[in-house]
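Here is a briefing on one protein model. Please keep the sequence and the 3D view open while you read.

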Amino acid sequence: MANIKKGDLVQVISGRSQARGGDRGKQGRVIEVLVEKNRVIVEGVNFVTKHVRVGQTQRGTKTGGIETHEAPIHVSNVALVDPETKKPTRVGFRTETVTKDGVTKTVRVRYAKKSGKDL
């Protein structure tokens with residue numbers, strides 16, 4: 001089970017501060033997790049400009065130009081946000097037994113280490 005998943009609220013914990021034009025301290029939702037590269041794409045963080053060749057769609061509208069979109073960040077540079085305190089926290093795992101319709105199952109549950117709340 002992964003520490004960070006798609007849809008989690010994370011905070012950037014390393015890099016340049018916002019006063020110096022960086023993204024440290026910003027919070028955002030995880031759009032995509034790139035498991036094989038150990039990277040995540042966070043909404044509103046690490047914007048890059050990309051030059052796209054100008055073209056035309058079938059309707060005749062122009063496409064291309066300079067676009068900005070989020071670039072991946074290494075997973076070690078972000079931390080999950082605690083739902084109770086809204087501050088970065090570590091992730092822990094615990095096993096719980098769940099009984100549903102007479103069937104018992106052991107399930108791994110992620111929790112915030114600072115507050116103990118389930119994620």
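The points below go from the overall fold to single residues.

This is a predicted model, in which local features need pLDDT of at least 70, side-chain atom pairs count only at pLDDT 80 or more, and totals for chains, interfaces and linings use all residues. Residues are numbered from 1 along each chain as its sequence is written, and side-chain values use heavy atoms, with hydrogens and water left out. The protein has ten strands and zero helices. Its radius of gyration is 19 Å, whereas a compact globule of 119 residues would have one near 14 Å.

**Overall fold**

- From the N terminus on, the elements run β-β-β-β-β-β-β-β-β-β.
- Helices (H or I, at least four residues) and strands (E, at least two) are DSSP runs, numbered from the N terminus.
- The C-alpha trace spans about 60 × 40 × 25 Å along its principal axes.
- The radius of gyration is taken over C-alpha atoms, and the globule rule is 2.2 Å times the number of residues to the power 0.38.
- Among contacts between residues at least 6 apart in sequence, 42% join residues at least 24 apart. Contact means heavy atoms within 4.5 Å.

**Surface and burial**

- The protein exposes about 8600 Å². Carbon and sulfur atoms supply 48% of that area.
- Accessible areas come from the Shrake-Rupley method with a 1.4 Å probe; for residues, only the protein chains shown count as cover.
- Buried residues make up 24% of the 119 residues.
- Buried means under 20% relative accessible area, exposed means over 50%, and partly exposed lies in between (1.4 Å probe, protein chains only).

**Rings and charges**

- A search of the whole structure finds zero aromatic pairs. Rings of Phe, Tyr and Trp (its six-membered ring) pair if their centres lie within 6.5 Å; planes under 30 degrees apart count as stacked, over 60 as edge-to-face and the rest as tilted.
- The charged end of R94 sits over the ring of Y111, 4.6 Å from the ring centre.
- R108 lies over the face of F93, with 4.7 Å to the ring centre.
- A charge sits over a ring if NZ of Lys or CZ of Arg is within 6 Å of the ring centre and within 35 degrees of the ring normal.

- D23 is in the loop between β1 (9–12) and β2 (27–34).
- Not counting residues up to four places away in sequence, D23 touches V12, R16, Q18, V45 and N46.
- N46 lies in the loop between β3 and β4 (47–56). N46 is partly exposed, with a relative accessible area of 23%.
- Leaving aside neighbours within four places in sequence, N46 is in contact with D23, H69, E70, A71, P72 and I73.
- A polar atom of the N46 side chain lies 3.2 Å from the backbone oxygen of P72.
- N46 and T97 are 51 residues apart in sequence, and their C-alpha atoms are 40 Å apart in space.

- L34 lies in strand β2. L34 is buried, at 16% relative accessible area.
- Not counting residues up to four places away in sequence, L34 touches R39 and P72.
- L34 and P72 are 38 residues apart in sequence, with 8.2 Å from C-alpha to C-alpha.
- T89 lies in strand β8 (residues 88–89). T89 is buried, at 7% relative accessible area.
- The T89 side chain reaches the backbone nitrogen of K114 at 3.3 Å.
- Leaving aside neighbours within four places in sequence, T89 is in contact with A79, L80, V81, D82, A112, K113 and K114.

- N38 has a positive phi, near 55 degrees, and is a residue other than glycine. N38 lies in the loop between β2 and β3 (39–42). N38 counts as partly exposed, because its relative accessibility is 43%.
- D101 is not a glycine, yet its phi is positive at about 55 degrees. D101 is found in the loop between β9 (91–100) and β10 (103–112). D101 counts as exposed, because its relative accessibility is 75%.

Technical notes. A polar contact is a pair of N or O atoms within 3.5 Å; within protein, one must be able to donate a hydrogen and the other to accept it, and residues adjacent in sequence count only if both atoms are side-chain atoms.
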